[in-house]
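Me: I would like to go through the terms used for this structure and check each against its cut-off. Please show the sequence and the structure.

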Amino acid sequence: MMKYPFVSIIFPNYNGGNEPIECLDSIFKLNYPKNKFEVIVIDNGSIDESYKTIAKLFPQTKLIRNKHNLGYVTAINQGLETAKGKYIFLGNDDMIIDKDAIFQLVKYLNEHPEAGIVGGKIYYKSSPDKIASCGYMLNRWTGNIYDAQKPDLIKEVDWIQGCALCIRRKALTRTGNLDDRFGLIYFEDTDICFRVKESGYKVIYLPYVHFWHGVT
């Protein structure tokens with residue numbers, strides 16, 4: 001029987017409307033013991049009052065409120081500073097998480113100490129059967145980025161999309177938090193994955209772990 005280590009689930013919100021509510025609803029339906037995970041939401045100065053709805057409907061969520069939009073990276077790092085988990089799941093406010101996703105990510109990390117980051121198959125919320133991401137690879141000679149091939153196979157990849165990424169705390173201890181020089185958004189996930197790989201861990205894609213992302 002698997003032990004259930006404590007997991008921290010972190011995502012920012014900025015004028016997310018109903019999407020962070022849908023995300024939190026999927027989180028609190030997870031097939032994972034409720035006393036074995038915490039949820040940290042960093043509100044980046046929303047003016048649509050979505051943060052008030054979060055506080056009302058999900059009082060068990062730790063809500064950090066910023067006066068202004070500090071961007072994805074700074075918000076995530078704020079959450080990391082308070083996170084208590086052995087494993088840390090980083091997400092976006094427009095994600096839907098499959099009920100078995102956290103269990104499967106944690107199970108793999110428990111059984112594979114060489115893995116520092118794991119992620120799964122990400123679909124579009126608008127087209128639930130269409131794959132949005134299955135991990136990425138980088139051509140070291142040209143610098144070109146491309147989707148990892150064979151989306152139905154477990155494989156080592158160069159990086160996992162930051163909207164649904166689970167990282168071992170020991171890996172973060174080696175690398176430090178996300179690099180806030182990346183600004184509001186984009187490529188901070190690439191950077192942390194490469195730093196984790198350089199520290200000696202692997203980045204692994206798991207095709208049987210599913211998410212739905214609100215991108216178009």
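Reply: Lys 121 sits in strand S6, residues 115-124; helices (H or I, at least four residues) and strands (E, at least two) are DSSP runs, numbered from the N terminus. This is a predicted model, in which local features need pLDDT of at least 70 and side-chain atom pairs count only at pLDDT 80 or more, while totals for chains, interfaces and linings use all residues. Residues are numbered from 1 along each chain as its sequence is written, and side-chain values use heavy atoms, with hydrogens and water left out.

Me: Why is Lys 121 called buried?

Reply: Buried means under 20% relative accessible area, exposed over 50%, and partly exposed in between (1.4 Å probe, protein chains only). Lys 121 has a relative accessible area of 5%, so Lys 121 counts as buried.

Me: Which residues does Lys 121 touch?

Reply: Contact means heavy atoms within 4.5 Å. Not counting residues up to four places away in sequence, Lys 121 touches Ile 131, Ser 133, Pro 151, Asp 152, Tyr 205, Leu 206, Pro 207, Val 209, His 210 and Phe 211.

Me: Is Gly 120 buried or exposed?

Reply: Gly 120, also in strand S6, has a relative accessible area of 3%, and therefore it is buried. Leaving aside neighbours within four places in sequence, Gly 120 is in contact with Ser 133, Tyr 205, Leu 206, Val 209 and Phe 211.

Me: What makes Glu 49 partly exposed?

Reply: Its relative accessibility is 42%, so Glu 49 falls in the partly exposed class. Glu 49 lies in the loop between S2 and H2, with a positive phi of about 65 degrees although it is not a glycine.

Me: What makes a set of residues a nonpolar core?

Reply: A nonpolar core is a set of buried Ala, Val, Leu, Ile, Met, Phe, Trp, Tyr and Cys residues joined through side-chain atoms within 4.5 Å. The largest one has 39 residues, of which Ile 27 and Phe 211 touch the most other members. Helix H4 (residues 101-111) gives the most to this core, with seven residues. Apart from it lies another core of 31 residues, including Ile 40, Ile 76, Ile 167 and Tyr 201.

Me: What do the buried residues of H1 pack against?

Reply: In helix H1 (residues 19-27), Pro 20, Ile 21, Cys 23, Leu 24, Ser 26 and Ile 27 are buried. The buried residues of H1 pack against strand S1 (7-13), strand S2 (37-44), helix H2 (50-57) and strand S5 (95-97).

Me: How do you know that the protein is as compact as a globular protein of that length?

Reply: The protein has six helices and twelve strands. Its radius of gyration is 16 Å, close to the 17 Å that the globule rule gives for 216 residues, so the protein is as compact as a globular protein of that length. The radius is taken over C-alpha atoms, and the rule is 2.2 Å times the number of residues to the power 0.38.
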